[in-house]
Every structure is written in structure tokens, then in C-alpha cells.
Amino acid sequence: MKPKEAQTPAIQVLERMFALLDVLAQHQDPVSLKALSEATGLHPSTAHRILNDLTLGRFVDRPEAGSYRLGMRMLELGNLVKARLDVRDAALPAMRELHKFTHQPVNLSVRQGDEIVYIERTYSERSGMQVVRAVGGRAPLHLTSVGKLFLASDDSSRVRAYATRTGLAGHTRNSLTEVGALERELAAVRQRGIARDDEELELGVRCMAAGIYDDQAKLVAGLSISAPADRLEEGWVVRLKETAAQISAALGHRG
């Protein structure tokens with residue numbers, strides 16, 4: 001009995017939620033409350049309450065009264081996980097080689113909303129730089145080299161909407177906090193194919209980044225080199241672009 005108990009959620013409502021989601025995943029068409037209740041063994045009123053909460057979170061859709069199907073939030077999260085796993089697997093060997101070349105931290109980041117999320121990093125103590133943001137850490141798009149890659153892939157209306165939502169809050173005296181300055185920077189990013197962070201997130205740290213694209217030519221991640229401000233070498237740009245292109249090719253990109 002112990003192994004079975006160890007696999008059971010400690011919170012009963014989660015166990016019931018998982019059961020409902022599992023049943024919905026087995027059907028392409030909407031499923032009635034009655035059928036869900038019978039399949040899970042839950043009382044209809046209990047199933048209804050849980051499904052209502054899942055609907056509020058967009059994990060479940062209710063196309064019509066009394067019927068349910070998996071919601072778009074499940075697709076969004078599934079695609080995010082898939083992208084992270086695929087990109088990480090494809091990128092890590094190349095990241096290690098780039099780190100050996102630069103002896104500085106190499107970061108892999110993806111966009112999530114108005115922030116980037118660091119999903120992998122290769123570094124060593126020899127870099128001479130303390131790694132402040134660990135894997136799983138987040139940072140605003142406009143203050144980071146990878147974030148600027150994603151903003152540069154947006155049209156002007158989306159960039160301005162981002163500026164309105166975030167207020168373009170700055171972290172250092174070098175931060176771009178005016179939309180005009182940000183738009184000029186993004187134009188430069190599009191022209192040169194790489195993005196930079198000139199001590200805009202942290203004083204004393206500069207970064208350069210190149211984009212990683214999937215088989216649909218969609219920007220899915222950014223590869224960046226971080227270094228103490230006086231150690232970032234322009235000669236790394238070519239190697240950075242080559243490494244990002246190598247990872248993109250592993251994802252099926254033909255560019």
C-alpha cells in the first residue's frame with residue numbers, strides 16, 4: 001500500500017482535479033457533466049465546483065452549459081514546456097563549447113509574458129563574475145539582451161503596449177526608460193542581428209545575445225554571453241551567432 005499512497009496527491013481536491021483532466025484528455029469532443037461524474041466517481045455537484053474553478057483558470061472550457069473540454073491554457077503551458085525541453089536539449093552541448101571559448105557565463109532564455117526566464121546556464125568560477133540570476137530567474141524584456149530580441153520581433157504597437165504595461169522601469173542609470181530610446185535600440189537590434197545589454201540590468205555586467213529559431217522560423221529563445229563590463233569582447237559576436245544558428249538548425253530551422 002505504501003507505494004500507492006506515495007503516488008496519491010496529499011490534497012484531495014487536486015486528486016479529483018487530475019482525474020477530471022485525465023478524462024477530458026481522452027475525448028476530442030466536449031464531455032457532459034454526467035459523463036465526467038460517472039467516469040471519475042465524483043458526485044456531480046463536486047465535479048461541477050472543480051470544473052468551474054478550472055474554467056476560471058482557462059484550464060477547462062465550457063462551450064455550452066453542462067459540457068466541458070480542455071482549455072487553451074493547457075495548450076499554452078504544453079507548448080511552453082515543449083519549447084523549453086526541446087531548446088534546452090538542443091542547446092546545452094553548443095552552450096558548453098561557447099563557454100569554453102569565452103570562459104564567461106552563457107545563458108539560454110525564453111520569453112514568458114513581459115519577462116525572460118533563464119532556463120539553462122553554463123558557467124565556471126573562472127569567469128570572474130558572480131552569477132546573480134540562476135536558472136528559473138526572471139528579468140524585464142527591455143533591460144536584457146535576450147528580451148530585446150523578443151521585443152524587436154514585435155511590431156511597434158506591441159512594443160508600445162509593452163511600454164505602457166510595464167512603465168519601462170529601470171534598474172540602473174543605463175536602463176532604457178523612454179519608449180523612443182527603446183524603439184531606436186530595437187531598430188538597431190533588427191539591423192545587426194544581435195542585441196546588447198550595456199549595464200542596463202546590473203551595473204558592471206554587459207551581455208550580447210543572438211536569437212534561436214524553430215522549424216517555423218519563430219523566435220523561441222535567446223542565447224547570450226554575460227561578462228564583466230570590461231571583459232566582453234566584440235570578437236565573440238561571430239561565434240555567438242554561429243552557435244545560435246547551430247542550435248536553430250538542430251530545431252529544424254533552415255535559415
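## A pair of bridged strands

Ala-195 has Ala-209, in strand E8, as its bridge partner. This pair belongs to a predicted model. Strands E7 and E8 run antiparallel and are joined by four bridges. The two strands form a hairpin, with six residues between them. In that turn, Glu-199 has a positive phi of about 55 degrees.

Residues 205-213 make up E8, and residues 219-228 make up E9. These two strands are antiparallel over nine bridges. Ile-212 has its bridge partner, Ala-221, in E9. E8 and E9 form a hairpin too, this time with five residues between them. Ala-217 sits in the turn and has a positive phi of about 65 degrees.

## The six-stranded sheet

Now step back to the sheet. Six strands form an open sheet in the order E6-E5-E4-E9-E8-E7, and their pairing is antiparallel. Strands E6 (138-140) and E7 (195-198) stand at the edges. Each has a single partner strand, so one side of each is left without a neighbour in the sheet. On average, neighbouring strands are turned by 30 degrees against each other, direction ignored.

What holds the strands of a sheet together? Strands pair through backbone hydrogen bonds, in a parallel or an antiparallel way.

## Helices against the sheet

Helix H5 covers residues 72-102 and packs on the sheet. H5 touches strand E4 (106-112), strand E5 (115-122) and E9. The direction of H5 makes about 155 degrees with that of E4.

Helix H9 spans residues 236-250 and lies across E7, E8 and E9. Its angle to E8 is about 35 degrees. How many of the nine residues of E8 are buried? Eight of the nine are, so E8 counts as mostly covered, with buried meaning under 20% relative accessible area.

## Asp-154 in a loop

Asp-154 is found in the loop between H6 and helix H7 (156-166). Is Asp-154 buried or exposed? Its relative accessible area is 18%. The cut-off for buried is under 20%, so Asp-154 is buried.

Which residues does Asp-154 contact, leaving aside neighbours within four places in sequence? They are Arg-111, Val-159 and Arg-190.

## The chain as a whole

The chain has nine helices and nine strands. Its C-alpha atoms fill a box of roughly 65 × 45 × 35 Å along the principal axes. Of the 255 residues, 42% are buried. The accessible surface comes to about 14000 Å², and carbon and sulfur atoms account for 50% of it.

Among contacts with a separation of 6 or more, 57% join residues 24 or more positions apart.

## A domain from the record

An unreviewed UniProt entry places the feature "domain: HTH iclR-type" at residues 11-72. In the model, this span is 58% helix and 18% strand.

The mean pLDDT of the chain is 91, and 93% of the residues reach 70 or more. Confidence is highest in helix H6 (residues 145-152), at 98. Confidence is lowest in helix H1 (residues 2-6), with a mean of 42.

Residues 1-6 stay under 50 in pLDDT. For these residues, the model has zero contacts beyond four places in sequence. Where pLDDT is low, predicted coordinates should not be read in detail.

Definitions and conventions: Residues numbered from 1 in each chain as written. Predicted model: local features only at pLDDT ≥ 70, side-chain atom pairs only at ≥ 80, totals over all residues. Heavy atoms only, no water. Pairing = 2+ DSSP bridges. Axes fitted to C-alpha atoms, helices over the stretch in contact; angles between N-to-C directions. Contact = heavy atoms within 4.5 Å. UniProt positions renumbered as here; feature names shortened; annotations may be inferred. pLDDT = per-residue confidence, 0-100. Buried < 20%, exposed > 50% of the residue type's maximum accessible area, 1.4 Å probe, protein only. Areas by Shrake-Rupley, 256 points an atom, 1.4 Å probe, with all protein chains shown as cover.
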